[in-house]
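The following note sets out some points on this model for a colleague who has not seen it before. Please read each point with the structure open.

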Amino acid sequence: MSLGFEWDFDTLVAMLSIAIPSAAFVWEFAVVGRKRLGYRVQMDTLATDTAHSPYAGVLEEMHQNGTTLTDPSFVLLRIENAGWLPIIEDDYLTPADDPGGIRVTFPGRRVVGAVVTELSQPELRDFFSARATGFGIDDELDSGVIRLPKVKLNPSAHYKVLAVLERRSADRRDPFPDPVFRADVSGRHSHWFGWLARTARLRLARTESHTFASRPALVGIVLLALAVLAQAGLTLVWREETPPLDCVGGTLRLHGSTAFAPAVRAAAERYGELCDGKGADIPVGDGTFTGSGEGIAALEAAGAQAGDLGGAGLGDHITFTDGPTVGSHPEVLPRPVAYSLFTLVVNKDAKVRNLTLDQIRGIYSGTYTHWSQVGGARDVPIHLVNRHRGSGTRTALEQRVLGRVKVPEATADDCAALDEDRPGVCEVDNTEAVLDRTAAINGALGYSEVSSAASATDLVQLRIDRMPPTLEGVEDGDYPYWQTEYAYTFGEPPSDSIAAAFLRYLTDQGGKDILREHGNRPCSETEYPLVCEPT
């Protein structure tokens with residue numbers, strides 16, 4: 001269950017994640033973005049900065065009324081409508097009888113001349129004609145000023161003004177301050193969010209080389225990103241996993257497949273942690289899983305010991321098997337859980353990484369007895385490390401890979417007794433023992449569930465007909481060694497029992513993620529879950 005402060009913090013973050021972008025949207029598009037008068041200073045350079053130009057001398061010797069200019073400079077201004085509504089003459093916050101709408105001041109410089117160099121549409125030229133009085137040059141005490149008229153600008157419309165200036169100071173080392181723009185645009189003509197827009201004075205915005213968003217909107221975007229990161233960190237680091245829908249107390253006994261055991265153990269441990277407050281106990285220590293056949297026998301023995309259940313099933317025992325159980329077992333009921341991936345594993349000294357199906361069948365039929373016969377190491381005999389009869393992993397090997405070939409009977413009672421110079425066969429109880437013996441015996445060949453084999457560094461997982469053991473290979477029909485995993489119960493367990501609750505967790509809730517982590521495909525993700533086979 002999530003802790004209280006986590007829930008409160010999550011709620012706050014969620015509310016901020018909604019409020020911040022909403023406020024940014026309203027501000028950017030309903031207030032600022034509707035009428036946004038923007039400017040850019042696209043060039044501000046001294047004539048001396050063009051020393052590499054063939055016209056540098058001409059620029060430095062520019063005259064005004066016969067007088068050489070003092071340290072002349074050039075400034076290119078761009079004025080634009082960066083909003084999505086037109087800007088009209090009445091939007092400029094200057095007196096109605098003042099034809100000027102924008103003032104650009106150049107501290108430390110005098111304006112020698114100014115000319116309009118680019119208009120986004122020819123109609124704008126009327127605002128700069130000889131009859132128009134809004135465009136002009138003024139001189140103040142220590143600054144030059146260019147007055148720009150109240151130009152009507154459609155969305156994305158713009159015009160450019162090139163100014164020639166000269167320095168007022170005698171010290172040519174002093175850098176020029178940036179031009180200062182002064183203009184306001186009224187919000188009184190807005191039809192949406194009227195009370196907010198009417199009170200807004202939307203100042204001239206420096207748009208630079210883009211018109212994406214104003215500073216308040218960018219701040220909102222940053223805050224939103226921080227809120228999302230905080231929520232992600234909360235989810236990944238602090239927030240606990242949601243408990244199963246129905247935690248049930250009691251003790252659950254698990255039996256069966258040693259190959260499927262790592263996934264079931266992990267799911268059982270997690271279920272126990274999540275349902276600890278309900279008194280759920282699922283022992284998963286050594287000796288719990290002893291093989292598919294032994295697990296069915298243990299389940300039937302538990303059912304017999306329980307005696308007459310009055311038509312109800314046993315609610316505290318589950319057995320897992322690799323594939324459907326062999327033989328007649330009328331009182332146990334199967335449920336497909338997932339299909340698992342298996343692999344042949346070989347001692348690295350055999351010097352093989354790939355075998356064809358025919359070569360594998362030839363090895364288990366006795367046709368090939370040395371690795372050199374299938375392209376491997378010379379003078380290294382093949383030793384087969386098998387599971388006991390009744391093992392689901394062994395049965396899957398015979399059914400899916402060997403076809404009509406059967407796994408040969410043991411030639412030695414103990415794998416340690418195999419003659420290292422002669423081919424031989426031994427049998428062990430579980431998957432872990434197969435991996436240990438195969439790694440220890442020179443030239444040994446065994447088999448295992450893939451996730452268990454992945455941690456064995458001294459073994460090679462064999463490719464079959466050049467296909468590695470992957471679920472994608474199984475589903476494409478290119479890799480043959482897999483098996484459906486079944487959960488068996490003695491009769492139908494009561495719906496309020498811990499066995500029923502754990503099966504629901506494993507097949508329909510958080511346990512599915514654990515099955516995937518161990519390389520299995522949950523049946524609920526297949527096209528026909530009750531069959532639970534690759535399509």
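1. Asp 138, with a relative accessibility of 27%, counts as partly exposed. In this classification a residue is buried under 20% relative accessible area, exposed over 50%, and partly exposed in between, using a 1.4 Å probe on protein chains only. Asp 138 is joined to Arg 147 by a salt bridge, in which the closest N and O atoms are 2.7 Å apart. A salt bridge here is a side-chain nitrogen of Lys or Arg within 4 Å of a carboxyl oxygen of Asp or Glu. Arg 147 is likewise partly exposed, at 22% relative accessibility.

2. On the basis of the note: the model is predicted, so local features require pLDDT of at least 70 and side-chain atom pairs count only at pLDDT 80 or more, while totals for chains, interfaces and linings use all residues. Residues are numbered from 1 along each chain as its sequence is written, and side-chain values use heavy atoms, with hydrogens and water left out.

3. Concerning the chain as a whole, 48% of its 535 residues are buried. Its secondary structure comes to 13 helices and 26 strands; these are DSSP runs numbered from the N terminus, with helices (H or I) of at least four residues and strands (E) of at least two. Of the contacts between residues at least 6 apart in sequence, 79% join residues at least 24 apart. Contact denotes heavy atoms within 4.5 Å.

4. How many salt bridges are there by this rule? The count comes to 18. One of them joins the side chains of Glu 166 and Arg 110, at 1.9 Å from N to O. Because Glu 166 lies in strand β9 (residues 158-167) and Arg 110 in strand β6 (residues 109-119), the pair ties together parts that are 56 residues apart in sequence. Glu 166 has a relative accessible area of 9% and is therefore buried.

5. Another salt bridge links Glu 80 and Arg 78, with an N to O distance of 2.9 Å. Are these two residues buried or exposed? Both Glu 80 and Arg 78 are buried. They also belong to a network of salt bridges that includes Arg 40.

6. An open sheet of four strands has the order β7-β8-β5-β10, and its pairing is antiparallel. Strands β7 (136-139) and β10 (180-182) form the edges, each pairing on one side only. From one strand to the next the twist averages 20°. Within this sheet, seven bridges join β5 (residues 100-107) to β8 (residues 143-149); two strands pair if DSSP finds at least two bridges between them. Opposite Leu 148 in β8 stands Ile 102.

7. The largest nonpolar core has 38 residues, and those with the most contacts inside it are Leu 344, Tyr 364, Trp 371, Leu 397, Leu 445 and Tyr 481. Such a core is a set of buried Ala, Val, Leu, Ile, Met, Phe, Trp, Tyr and Cys residues joined through side-chain atoms within 4.5 Å. At least two residues come from each of β18 (332-347), α7 (357-365), α8, β22 (444-449) and α11 (471-475). Strand β18 gives the most, with five residues. A second, separate core of 31 residues includes Phe 260, Ala 338, Ile 498 and Leu 515.

8. Beyond its neighbours within four places in sequence, Leu 445 is in contact with several residues, among them Leu 344, Tyr 364, Trp 371, His 383 and Leu 462.

9. In helix α7, the residues Ile 360, Gly 362, Ile 363 and Tyr 364 are buried. Their cover includes β18, β19 (354-355), β20 (383-387), α8, β22 and β24 (463-464). After α7 comes Gly 366, which has a positive phi near 95°.

10. Helix α8 (residues 392-402) contains Glu 398. Glu 398 counts as buried because its relative accessibility is 10%. Where does the side chain of Glu 398 reach? It comes to 3.1 Å from the backbone nitrogen of Val 407. Not counting residues up to four places away in sequence, Glu 398 touches Gly 403, Val 405, Lys 406 and Val 407.

11. Helix α12 (residues 498-508) is mostly covered, with eight of its 11 residues buried. Among the buried residues are Ile 498, Phe 502, Leu 503, Tyr 505 and Leu 506.

Terms used: Polar contact = N/O pair within 3.5 Å; in protein donor to acceptor, adjacent residues only side chain to side chain. Axes fitted to C-alpha atoms, helices over the stretch in contact; angles between N-to-C directions.
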